[in-house]
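Hello,

Here is the structure I promised to pass on to you.

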Amino acid sequence: MPDGLDPAEAETLVVNGITAWQLLHRTARTPRGATILVHGANGGVGSVLVQLARAAGITVIGTASARNADAVRALGAQWVDYTGDVPALVRELAPGGVAAVFDHIGGPGIVDSFRLLAPGGALVAYGTAATKDTEGDSRLPVLKLLARLALWNALPNRRRAHFYNLWAGKRNAAAFRTRIADDLGRVFALAVAGEVRGQVAARLPLAEAAAALRLAESRTVVGKVVLEP
Ligand SMILES: NC(=O)c1ccc[n+]([C@@H]2O[C@H](COP(=O)([O-])OP(=O)(O)OC[C@H]3O[C@@H](n4cnc5c(N)ncnc54)[C@H](OP(=O)(O)O)[C@@H]3O)[C@@H](O)[C@H]2O)c1
């Protein structure tokens, strides 16, 4: 824990911060001056990703529901309503396409995400929220997504498609720990400098863990619900 950082805020930055850093800087490797599309820009990962991108001189278009529009704009992104015609709205803001799309939704919308890439762009998928309630084997939607990404990579289209997994490479424990420590250190340094804020939606005592979980799953809060001892 670096000095000068609130422990609750720091906690919201651990998994989300490392994930967001690696999505942007290790997987997509988005350059300064580029424009990217972040789905769920008000979420735990999305909100940190927007701030990291802004700190790196990257323009951000962020999708969220209308009730989170102000929160997304306050992070420095241009807001797009995910219940609207997302491809058309994004094209208005970035007619030539975007340098990267970060997509935790999956499902049929992943095709739009890929089509929104400019030449040389990277699609980074890291979840399949659209299919989380699908009946049957929960691995199938993930396998379908991985097959799609592999096909897009194999075709000559001057675009990249990745599936990001925070835990990838953990068998090499020493290298994994070094990478995690480096990346969290960079996120914490930006937090200490005031360029990134952890989004603490609420703080509840540990004894109220059940209420905290209900609140976290209610989709009414911006950021993370933190349990305090
Ligand atoms: N692959 C990995 O290694 C890795 C690592 C960390 C997280 N993840 C995954 O990343 C996802 C996000 O995690 P999180 O902690 O950021 O969750 P979160 O805080 O619950 O945020 C989810 C966000 O998704 C938004 N959303 C829901 N449906 C959407 C849609 N159709 N289009 C655009 N946005 C939509 C929500 O917006 P509203 O509230 O406005 O509906 C919310 O902002 C989860 O699925 C998690 O499992 C993967």
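First, the ground rules. This is a predicted model, in which local features need pLDDT of at least 70 and side-chain atom pairs count only at pLDDT 80 or more, while totals for chains, interfaces and linings use all residues. Residues are numbered from 1 along each chain as its sequence is written, and side-chain values use heavy atoms, with hydrogens and water left out.

Let me start with the ligand. It is surrounded by 20 residues, and Ser65, Tyr82, His104, Leu166 and Arg219 are the closest; a residue counts as near if one of its heavy atoms lies within 4 Å. By class, this shell holds six nonpolar, 11 polar and three charged residues (Ala, Val, Leu, Ile, Met, Phe, Trp, Tyr, Cys and Pro count as nonpolar, Asp, Glu, Lys and Arg as charged, and the others, Gly among them, as polar).

A polar side-chain atom of Arg219 is 2.6 Å from a ligand oxygen, and a polar backbone atom of Gly44 is 2.8 Å from one. For Lys224, an N or O atom of the side chain lies 2.9 Å from an oxygen atom of the ligand. The ligand alone exposes 930 Å², and the protein buries 72% of that (Shrake-Rupley method, 1.4 Å probe).

Where does the ligand sit? The space it takes is the largest pocket (a molecule sits in a pocket if more than half of its atoms lie within 2 Å of its grid points). A pocket here is an open set of points on a 1 Å grid over the protein atoms alone, with protein on both sides within 12 Å along at least five of seven lines; a cavity is a set where a 1.4 Å probe fits but cannot get out, and lining residues have an atom within 4 Å of a point.

The largest pocket has about 1,300 Å³ of space. Its lining has 42 residues, with Gly43, His104, Ile105, Ala129 and Arg219 nearest the centre. Helix H9 (209-217) gives the largest share of that lining, five residues.

There is also one cavity of 30 Å³ or more in the whole structure. Gly44 and Lys224 are among the residues that line the largest cavity, and H3 supplies the largest share of its lining, three residues.

Happy browsing!

Methods:
Polar contact = N/O pair within 3.5 Å; in protein donor to acceptor, adjacent residues only side chain to side chain. Points joined across faces, edges and corners; volume = space filled by probe spheres on them. Helix = DSSP H or I, 4+ residues; strand = E, 2+ residues; numbered from the N terminus.
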